[in-house]
Amino acid sequence: MFKYLKQLTSLVAMVAVLFTFTTETMAAKKSKTLKNTQKKGFVRCGVSQGLPGFSNADAAGNWTGVDVDVCRAVAAAVLGDANKVKFTPLSAKERFTALTSNEIDILSRNTTWTLSRDADIGLTFVGVNFYDGQGFMVRKNSGYSSVNDFKNGISACTNLGTTTELNMRDFFNSKGISYEPVTFEKADEVVAAYDAGRCDTYTTDKSGLAAQRIKLSSPDDHIVLPETISKEPLGPVVRQGDSVWEDIVRWSLNTMIEAEEYGVTSANADSMKTSDNPAVKRLVGAEGELGAALGLDNDWSLRIIKQVGNYGESYKRNIADTGILPDRGPNELWTKGGILYVPPAR
Amino acid sequence: MENRGITFGYGFLSQESSFDVQFSLIEFDGSHSYFRAYLVGLLNTILVSVIGIIFATIIGVVVGIARLSNNYLINRTASVYVEFFRNIPLLLQIFFWYFAALRALPLPQDTEPMFGVFFLTIKGFFVPAFVWNNLDIFIYSIIAAIISIIFIRIYARKKQENEGIQTPVLSISIGLLIILPLLSFLFGGVDASVEVPVIKQLSQSGFTYEGGIKLPPELISLALALSLYTATFIAECVRAGVQGVSKGQKEAAASIGLTPNQVLKLVVMPQALRIIIPPTTNQYLNLTKNSSLAAAIAYPDLVLVFAGTALMQTGRAIEIVSITMLTYLSLSISISIFMNWYNKKIAIKEK
């Protein structure tokens, strides 16, 4: 009897070992993108052509920004080094095609999450890394203090092929104001045309207005009107059909936000391994087997926090300290009055 | 494509476009379909190409002849122009003219009206519009004039072949083109009034003009850049064509007593045109294709409206790019068919 019991337990143990082994490799096997990324040794990331605070390259070609940090987090998780990212600057027009045609594996380019984009064209949005809304910039000496002052015949400069173009129409239509849309392919030309006086107002996401204002010849002569005319949840996008890769990107972003929530920073991440809070221990990989479910090792999240930092650090470094949007507004944690709220990592 | 979750189909063309376009020849707003957006883009492409071709031809012919001039100053100026403009990339020239125009043009409130009715401002060139009564009768009168001119030409040719007498066709034609429409004003009840643009205040510092016709600065600078660039190549075609006619032809024509004007019109030009037309056709095609650079400066041509905004809003890259390519192909082939027909018409007719 005991003899059989011993055999039975060893059988159960073997099955259990086999099972965990298969689940571990299944994830890795199922994801072509993960396999290719590990083979290439870098994450292929699509970013903007230069939007300070989100994705912007300095003179030496180093990319910084909150969108850039999402890609760096994935690189830290998957390859162990946040610098193993190849950035591809894309115009608004090129971005989705670049992703669906396999030129890049993550599109992290201040892209608004909408139903038609998510469902119709082979894309999947994995989350929101910046809650934004569309606003208007005008000249101070115009005397405009609100969008209600706009009159028929106003000309508005913006980027073509964005949700901005559609919101602008909805907005002016609902107000019954006739307007002249002047749309450019690149943001630099929009700024130059508005700066020269071609347009009475420049409209895009408010974060974008704040960032581009720095590029105007005299930024202090311009103000952003208080109204927000749309919801613009910006977030990273992946191709449809690779749910493991989708999960990796989603949880890399979630890890950054949850790390801020639990007060884990790049500086104290290592010491948090011995924390009393099991949620914190899970987050830094000291407890549980969360990495295996994603086809990664268990230190993936610790590497993200150590190499890239938590969301708050990333925001402070890229957006607050650069003077773009010092006030976090809705992009504050839910515990502090904002709407950043991510599902628990467990 | 199915693996990547992409669907394929042209059904989106009938969907509501939900975006607006700053300048269009037909009525358009976001409640119209994507197909209409395509038409808007196509018409704008054709518009800027036609304007570009007309001006490029005029400038090209003038400069080409100027390069043959014996006057050193005219000759040199023309060569400097040609060498300068054909050796700078077109996209740079478009940017230059656009942003130079934006820098140089006055704000609507600061502009000096030309002849009291034309207003050239940073927001566009505002010109008076005609408001017509019985426009159709006016158009019929022009058509009638053109038909009678064709008959007179046929008659004049016959008369010259039979009796050797030349008829002053040109002056008769011009006369008809003036008199018939004039009659339609006097007796046809045709009436046109002019609507002059009026300045309008938008804010404490912002102004614009209302009424009349607005030519956006994007159209003006694009047409300018395209014509100045293509004109250099046409000028070279013209120069080559005229130089290609052997000197003996001119001397022979002069020796039988033709006046210098007749030498040019009856002997040199018919032969020069045969050399000029084929390479000029290429330049017309280039200009049409180059007009797609409009997207860089917000002129709503086919590439900006359809392969830009519409592509972005629908995500239907393959469908839209294929339609756009087919459209440019058809445009180019139409131009080349027309020019080939014209070339055949002026070619040597072996009898």
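Modeller: Before we start, helices here are DSSP runs of at least four residues, numbered from the N terminus, and the model we are looking at is a predicted one.

Biologist: Switching to chain A, what domains does the assignment give?

Modeller: The assignment gives domain 1, made of 33-131 + 234-328, and domain 2, made of 134-230, and the C-alpha centres of these two domains of chain A lie 30 Å apart.

Biologist: How many residues does each domain put into the contact?

Modeller: Domain 1 and domain 2 of chain A each contribute 13 residues to the contact, and on the domain 1 side these are six nonpolar, six polar and one charged.

Biologist: What about the largest nonpolar core, which residues touch the most other members?

Modeller: Of the 155 residues in that core, they are A:V74, A:A193, A:I248 and B:L222, while helix 6 of chain B, residues 217-243, gives the most to the core, with 15 residues.

Biologist: Why does the core lie between the two domains of chain A?

Modeller: Domain 1 and domain 2 of chain A both give residues to this core, so the core lies between them.

Biologist: And what does A:I248 touch?

Modeller: Leaving out residues up to four places away in sequence, A:I248 touches A:L34, A:V74, A:A77, A:V78 and A:L294.

Key. Residues are numbered from 1 along each chain as its sequence is written. Chains are lettered from A and ligands numbered from 1 in the order in which they are written. This is a predicted model: local features need pLDDT of at least 70, side-chain atom pairs count only at pLDDT 80 or more; totals for chains, interfaces and linings use all residues. Domain bounds come from an automatic or database domain assignment. Two residues are in contact if their C-beta atoms, placed from the backbone, lie within 7 Å. Ala, Val, Leu, Ile, Met, Phe, Trp, Tyr, Cys and Pro count as nonpolar, Asp, Glu, Lys and Arg as charged, and the others, Gly among them, as polar. A nonpolar core is a set of buried Ala, Val, Leu, Ile, Met, Phe, Trp, Tyr and Cys residues joined through C-beta atoms within 7 Å. A residue is buried if 20 or more other C-beta atoms lie within 10 Å of its own, exposed if 12 or fewer, and partly exposed in between; C-beta atoms are placed from the backbone. Helices (H or I, at least four residues) and strands (E, at least two) are DSSP runs, numbered from the N terminus.
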